[in-house]
Amino acid sequence: MRSNVALRASTTSAHRWSRFSSSPSSTRRRQHQRQHHHLDVQHRPSRPVRVAAAPAEKPTVEEDTARVLRVRYHRKDGAYARWGAHVWGRGAASPTPWDAPLAATTDDASEWVTFDVELSDISRGDGSVSVLIHKGEAQDCRVEDFDATAAPEVFLVSGYSSAFETEPDLTSLPKGDIEKYRAIWVAERVIAVPGDFANDGDSFTLVSSSTADLKVTGEGVVGGDDVVTVVRSGELPSSVCAKFPHIKAAGYRALEVPSSVNVRDALKRQIAVAAVDAAGKPTDATGVQLQGAIDDLFAYDGPLGAEFGVNDKVTLRVWAPTALNVALALFDEPRGEETRRVVAMTRDETSGVWSATGDDFKDKYYNFEVTVFNPTTGKVSTNVASDPYARSLAADGRRAHVCDISRDDLKPKGWETFEKPKFTHPVDCSIYELHVRDFSALDETVSASARGKYLAFCEESSVCVSHLKKLADAGLTHVHLLPSYDFGSVPELPENQLSVDFKELAKLPPNSRKQQEEISKIAWSDCFNWGYDPVHYGVPEGSYATNPDGPRRIFEYRQMVHALASNGLRVICDVVYNHTLSSGPSDVNSVLDKIVPGYYHRRNFDGFIEASTCCNNTASEHYMMDRLIVDDLVHWAKDYKVDGFRFDLMGHLMLSTMLRAKDALQSLTLEKDGVDGKSLYLYGEGWDYAEVEKGRVGKNASQLNLAHTGIGSFNDRVREGCIGGSPFGDPRMQGFLTGLYYTPNGAVDQGDQDSQRYRMMEDGEKIIAALAGNVRDFVFVNRHGVEVPSSSAAWPDSNVAYAGEPEETVNYVSAHDNETLFDCIMLRAAASVSLEQRCRINHLATAIVALSQGVPFFHAGDEILRSKSLDRDSYSSGDWFNRLDYSGDTHNFGVGLPGEQKNGDRYDFITPMLADTSMRPSKEFIEEATRNFCELLSIRQSTPLLRLQTTRDIQRRMKFYNRGPAQTPGLIIASINDGDASTPGLPSLDANYKRVVLAFNATPNEISHHEAGLKVDFAGVDLELHPLVGGVTADAVAMRSVFIEGVPTIPPYTWTVFVQHR
């Protein structure tokens, strides 16, 4: 679930630059990215583009181009149609949307076309400009961070990764480009090359250099110290096609590596494939990606990281099969070089594992010094890297720490024996998504030293913990913590953390720009970030600990888990295995790519790391990345006793990885591991887009592939049905709950009354599918009066419903991404809708989630009308905009305009909204929302009929009314049957109720619904309000709901539950 943000065009990401939301259509996702970003994430390169010198003299540029960067572009084939320039950077006056690139001007007398990029006032500040030549999805050459103040033009030649500051001689350009890695070593004896690489009849050589001295010249590839002839063998082997389906689909051909080549040794060298024609003239050359051969030869299942033996002996191991050398740098302290000493490591030639053993390693800090060829730079360098299998760290992850985390002093009292809250089945879960820092950062009832920390969860008398206990008592079962592994976007040492005086911000007007200006100044140096910036997967984040150096974070994380369990709550970890924050040999937050460069990440056909997730996409289709993920999950389950995992952008992981992870976790037992693996729940974002879409690189863990796996995914369909529109469109587009048809806001064109009525019924079908667990095979009557499966809800073959079983559906209407639920309603509601009515809409939305079959998921604050002052993407908006106040004494609507970078395009209409402080809820409204939420949780837990475990049960027991073309839009009525004369043989599940009836009225009118089917089905049936309805809220409006002689009467903006007692 993401709402996108603009990316800084840099070769490694210093921060989390993009958060996504879902849509059933990946095309809509991509459109949203391109409309709102200077650079679409999936087109962001992962290495520098060199600016090359050229032999020709620099031409004179006319005076009137002083404020223009002239980009010259050449294609050998002369086919320039539809090729355009995507422009971004601070020096660009008008950055271009992805779908509207800059058009070229042509000159019939020239071999070049020209793109004139207008420059901003670059006399002060950064004048860098970046340009990418593309045609739709096809990308060609680019130049990044070009200093437009130093040169007025730049030359780009199709197929070349280098840009030229002066016009090159096209006849003497090198044949090929080894800075691109178009060849892929897919198996020990097979290298795959593109179908258009070289020409028919050419011959091929494998050229390598142990010192990375290869160059491409007009004479071919030079500088190699080993040259071997390879033979084109035609089709790729079937095993290769199965492992790399995208390579097969792209028409790659096989080159056979002769048996004389020592492949294990070759993988440690710079490698190129060169082609020459029959006359011996060079025709092409390219670098070689190595991932397939590495998997073939070096897949390894033995120990990694620190292994603790007897007599204080410690062995440190790191898998680095392509390294020329690895040394161990040891330190006594987390910082400083005074105590540094270097220990030689020994390579195991079979596995590629380097190891060192010592009896004085315990409690030391360490890094690996890895000498290796780096494809991102084309050089051999010694990379200083932490340990991917580290279990303890120095602050900011700058060093790993030798720490036996099984030590008794790192376990809270009772850690080995405490019992987790009862778990029976995933549909019994109710999940609450919470950010560790949000929970307590501004709660003055928490000790100052614990605010924003793991330890805040242990302070039983605090307002925030008391609130969680109240929710748990009502029926909440799981707390989903946003990333709590080591991430790189928050400085961990207090002396490096900046802050703003909130007392001064509070004096400003509710729609002022000043608040966001002050927050943005410290956004990358304050204590706040969502944390989707993984650096070390296996260590708790240090900024949430009272001491980020060493093992304190381990102990305090365990204290948090223990405290939550004592309050009846299980813990789910948000994990982000789809990308790493950084890559390359030099960035301080790069780990994996320093050790085995180019292996752990998914690379495109030019060898650049894919970045469609926002940063540096990982490749779980590679054996050791798959292994790292599974190992890490087992580690968190066993060593921290967490109870489940939420997978960020799970669709970017292979389904095989997810299934292997599930099997490994479910094999854990209390007796053997201290954990009941069968009680762990796995779910995530099953979005299917970019390079993994439709199984391009292998069957991925996307929504449509998860049926009958027992792995859950977020149901974005119900969110869009309830709220309206999508995260990628105008935020004022209304939906089923927010005023479509009945109270149109007039802010956007939503069609005439008939089209709005039709959309209202269409959105209603998305909600019906969710209420039935979003299982694809559930059959209901649609708005046309036709029986259809839920997979055809809203429109034929829509895949609105996709789950095989209800546990695979996670229903939600809001999450950390995008606006809060309350803010979504505020953006869409018509001016005529009162604040009280808007709060009732909030109640309705949480009711649909809570009363749906499947797994309900709530964003922290849904129950207190949480606002982020209309911020669409608060990942770096600080404590000010992300405030959670469980006391109800304050509310965050109208605390300033949200960050301009993400929200500036909305300022015209949100500025007057935020100015109206009469729309800021009172404490009374906030407390009523909390009572509503608790009532819903209690009702859900009161009957198994709201937690049906199988599709078969849902199909046999659930029925919907008010269907067909004559329905009343905005009203949903569903019954759940526990066995009567109409359903012989249906086993009884509930000892208290024979039937449960759900009713949702999203209209501003009271509705008495007369329907023959209802009167028949409920003839002689005595239905009453569920005993808990109104028991907590004392909602006088809802209490007017009645069901008499088959006719339900439901007040406006109301949900209710009727029951037939046994």
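Author: Let me start with a definition: contact means heavy atoms within 4.5 Å. This is a predicted model, where local features need pLDDT of at least 70 and side-chain atom pairs count only at pLDDT 80 or more, while totals for chains, interfaces and linings use all residues. Residues are numbered from 1 along each chain as its sequence is written, and side-chain values use heavy atoms, with hydrogens and water left out.

Reader: Which residues does Ser355 touch?
Author: Leaving aside residues up to four places away in sequence, Ser355 touches Thr315, Leu316, Arg317, Met345 and Thr346. Ser355 sits in strand 23 (residues 353-358); strands are DSSP runs of E with at least two residues, helices are runs of H or I with at least four, and both are numbered from the N terminus.

Reader: Why is Ser355 called partly exposed?
Author: Buried means under 20% relative accessible area, exposed means over 50%, and partly exposed lies in between (1.4 Å probe, protein chains only). Ser355 has 23%, so the label is partly exposed.

Reader: What makes Cys241 and Cys615 buried?
Author: Cys241 has a relative accessible area of 15%, so Cys241 is buried. Cys615 has 1%, so Cys615 is buried too.

Reader: Why are helix 10 and helix 12 called roughly perpendicular?
Author: Angles under 35 degrees count as roughly parallel, over 145 as roughly antiparallel, 65 to 115 as roughly perpendicular and the rest as oblique. Axes are lines fitted to C-alpha atoms, for helices over the stretch in contact, and angles run from 0 to 180 degrees between N-to-C directions. Helix 10 (residues 552-566) and helix 12 (residues 623-640) pack at about 75°, with axes 10 Å apart, so they are roughly perpendicular. Ile554, Tyr557, Arg558 and Val561 of helix 10 meet Trp636, Asp639 and Tyr640 of helix 12.
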